[in-house]
Amino acid sequence: MEHTISVIVENKAGVLSRVSGLFSRRGYNIKSLAVGETDIPGISRMTIVVNGDEKTIEQVEKQLYKLIDVIKVIHLTDEEFVERELVMIKLNVSKSTRTEILQVVDIFRSKVIDMNVNSFVIEATGTTSKISALEKALQPYGIQEIVRTGMIALSRGAKKSKGVSIK
């Protein structure tokens with residue numbers, strides 16, 4: 001089963017390495033990892049997507065709490081949450097495919113952020129499945145390069161995740 005975990009950490013050198021190392025030492029491949037600063041100076045949020053059974057993920061959460069720079073662990077899979085991912089795709093373009101590609105871009109509510117005679121760079125945000133569907137739809141036109149951010153996620157509703165207070 002796929003699990004989404006949000007980890008609130010102190011923004012210090014080596015924290016990312018220690019957190020990701022915890023997963024690798026247990027033989028788990030991280031499917032997605034995104035890290036960014038929060039609204040509180042010196043505090044960052046990691047969004048980690050990993051496959052594993054419930055018992056194993058529970059053990060990983062306990063181990064995360066043992067890391068000195070970890071402030072809070074939130075198992076988002078247990079609650080309603082909103083997820084997004086960003087992708088940029090550089091695509092081959094010709095006069096004959098330009099209109100078709102623009103139609104695909106429009107259907108997926110994405111946008112062309114750079115263009116020249118032979119290529120477009122397309123930007124899109126959405127769920128992981130939407131981003132994967134866009135990539136599949138654009139594959140026949142010749143993808144030159146692609147970069148995906150990985151999933152970021154927050155709990156739904158007015159409250160913070162399970163009463164999370166990081167101040």
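**Exercise 1.** In this predicted model, work out which elements cover the buried residues of helix α1.

*Solution.* Begin with the helix itself, which spans residues 15–25 and whose buried residues are V15, V19, G21, L22 and F23. Next, look for what lies against these residues: the cover includes the strands β1 (2–10), β2 (30–37), β3 (43–51) and β4 (70–75), together with helix α2 (54–66). Finally, follow the chain just past α1, where G27 takes a positive phi of about 80 degrees.

**Exercise 2.** Determine which element gives the most residues to the largest nonpolar core.

*Solution.* The largest nonpolar core has 16 residues, and those with the most contacts inside it are I5, V7, V19, F23, L64 and V70. Two or more residues of this core come from each of β1, α1, β3, α2 and β4, and among these elements α1 gives the most, with four residues. A second, separate core of 15 residues includes I101, V104, L134 and L138.

**Exercise 3.** Decide whether I152 is buried, partly exposed or exposed, and list what I152 touches.

*Solution.* Locate I152 in strand β9, which covers residues 152–155. Because its relative accessibility is 49%, I152 counts as partly exposed, given that exposed requires over 50% and buried under 20%. Leaving out residues up to four places away in sequence, I152 touches A34, T47, V82, E83 and R84. As for V9, which is 143 residues from I152 along the chain, the two C-alpha atoms are separated by 15 Å.

Notes: Residues numbered from 1 in each chain as written. Predicted model: local features only at pLDDT ≥ 70, side-chain atom pairs only at ≥ 80, totals over all residues. Heavy atoms only, no water. Buried < 20%, exposed > 50% of the residue type's maximum accessible area, 1.4 Å probe, protein only. Contact = heavy atoms within 4.5 Å. Core = buried A, V, L, I, M, F, W, Y, C linked by side-chain atoms within 4.5 Å.
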